[in-house]
Amino acid sequence: MPVIRKKEKKEIGHISTSSLPDIVFMILFFFMVSTSMKETELVVKFKAPQATEIQKLENKSLVSYIYVGPPVESLQAKFGSAPQIQLNNSFSTPQEIGQFIASERDALNEADRNKMTVCLKADKDTRMGIITDIKQELRKAEAYKISYASVKAVGNLK
Amino acid sequence: MARKTPEINASSMADVAFLLLIFFLVATTMDIDSGLNRVLPPWSEQQTDAPDIRERNLMLVHVNKYDQIAVQGELVQVSQLKDRAKEWVLNTSNDSNLPEKKNETIDFIGEYPVSQGVISLQNDRGTSYEMYIKVQNELTRAFNEIRDELSKAHFGRPYAELDKEQQDAIADAVPMKISEAEPQNIK
């Protein structure tokens, strides 16, 4: 009996891996389709507040981002820990928002310009003062559509 | 002829694919941005007074720097806010202190008394963003629930399951009027 068993084991051989590339390519394509490239390096850290009535932002190419939050740890020695505004890849003042919006708008098609949305990604511990300043600047820059980034709350908000 | 072509060694294909896969995993993000969508009022140079809205049509929501909420000058909790807003907008008893309604003809629905109420949200510079979003969320929830109820009454389905035209009709009947007022300091 043991002799026969040994023979059976040899017959199994190794598993064919010829379909492995296909499987990996499948996963690859899934990730290519469902993800998007990181465009900005965050210099502020933020934890979005929770909300239940959130809506998805439809067209990513029409969205401009403004980040608000305390600088990341590595930059805190230089910039302190007070909340800062980040436009593109660097810290900015509220006064620079007008220019930022203008350049973002210029990058869009003529037809899409009035559909531009500003996504405000602010840390939940920020005070409203800085947010209000941003909102005032956005109104001046005629960027009226705004989305307060928030994450889906699990269960009830209390 | 075809038989003679040698088979290409494809054993490294998996490695190449894995390499690409890992590159995409690292270089991309998957999060879909979501948030509360709002439309800001246009900017005007001179600080204009609030547009002419009758007092009964205006619900004032204040949030002060201690994150306390006041509705029409009365202190409330976040959990009460949604029901207060809903009650106020719906005005089921046609109270003369609550917002007036104007009959409008809307596709699919027909004649419907559209509430003229506007919720004005005012915050202090010291209000925390988290509380502000919570308040915005509760107010949105009030409107969404009203829309859902109307949608169920007319179409027998919740608002989210309606098609585009029906959603627009419901949105016309229950306009989400939340005004983010000019900044001011609130005691």
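## Chain A at a glance

Chain A has 5 helices and 9 strands (helices are DSSP runs of H or I with at least four residues, strands are runs of E with at least two, and both are numbered from the N terminus). Read along the sequence, the pattern is α-α-β-β-β-β-α-β-β-α-β-α-β-β. This is a predicted model, in which local features need pLDDT of at least 70 and side-chain atom pairs count only at pLDDT 80 or more, while totals for chains, interfaces and linings use all residues. Residues are numbered from 1 along each chain as its sequence is written, with chains lettered from A and ligands numbered from 1 in the order in which they are written.

Of the 158 residues in chain A, 27% are buried (a residue is buried if 20 or more other C-beta atoms lie within 10 Å of its own, exposed if 12 or fewer, and partly exposed in between, with C-beta atoms placed from the backbone). Among contacts in chain A between residues at least 6 apart in sequence, 76% join residues at least 24 apart (a contact means that the C-beta atoms of two residues, placed from the backbone, lie within 7 Å).

## Helix α5 of chain A

Helix α5(A) covers residues 128–140, and its 13 residues reach 18 Å from the first C-alpha to the last, close to the 18 Å expected (the expected span is 1.5 Å times one less than the number of residues). Its buried residues are Met128(A), Ile131(A), Thr132(A), Lys135(A), Glu137(A) and Leu138(A).

The cover over these buried residues comes from both chains: it includes β4, α4, β7 and β8 of chain A, together with β8 and α3 of chain B. Just after α5(A), Glu142(A) takes a positive phi of about 60°.

## Core and interface

The largest nonpolar core has 51 residues, and those with the most contacts inside it are Val68(A), Leu120(A) and Val135(B) (such a core is a set of buried Ala, Val, Leu, Ile, Met, Phe, Trp, Tyr and Cys residues joined through C-beta atoms within 7 Å). Helix α3(B) gives the most to this core, with 9 residues. Beyond its neighbours within four places in sequence, Leu120(A) is in contact with Ile66(A), Ile134(A), Ile146(A), Ser147(A), Tyr148(A) and Ala149(A).

Across the interface, 43 residues of chain B are in contact with 48 residues of chain A. On the chain B side, α1, β1, β2 and α3 each supply at least two residues. Helix α3(B) gives the most to this side, with 10 residues.

## Chain B and its own sheet

Chain B has 4 helices and 9 strands, and 25% of its 187 residues count as buried. It holds an open sheet of 5 strands in the order β5-β4-β3-β8-β9, with mixed pairing. Since β5(B) and β9(B) are the edge strands, each with a single partner, one side of each is left without a neighbour in the sheet. Neighbouring strands are turned by 30° against each other on average, direction ignored.

Strands β3(B) and β8(B) pair in the parallel sense over 6 bridges, and Met59(B) has Ile119(B) as its bridge partner in β8(B). Strand β3(B) also runs antiparallel to β4(B), joined by 3 bridges. The hairpin of β3(B) and β4(B) has 5 residues between the strands, and Asp67(B) there takes a positive phi near 60°.

Conventions
Two strands pair if DSSP finds at least two bridges between them. Axes are lines fitted to C-alpha atoms, for helices over the stretch in contact, and angles run from 0 to 180 degrees between N-to-C directions.
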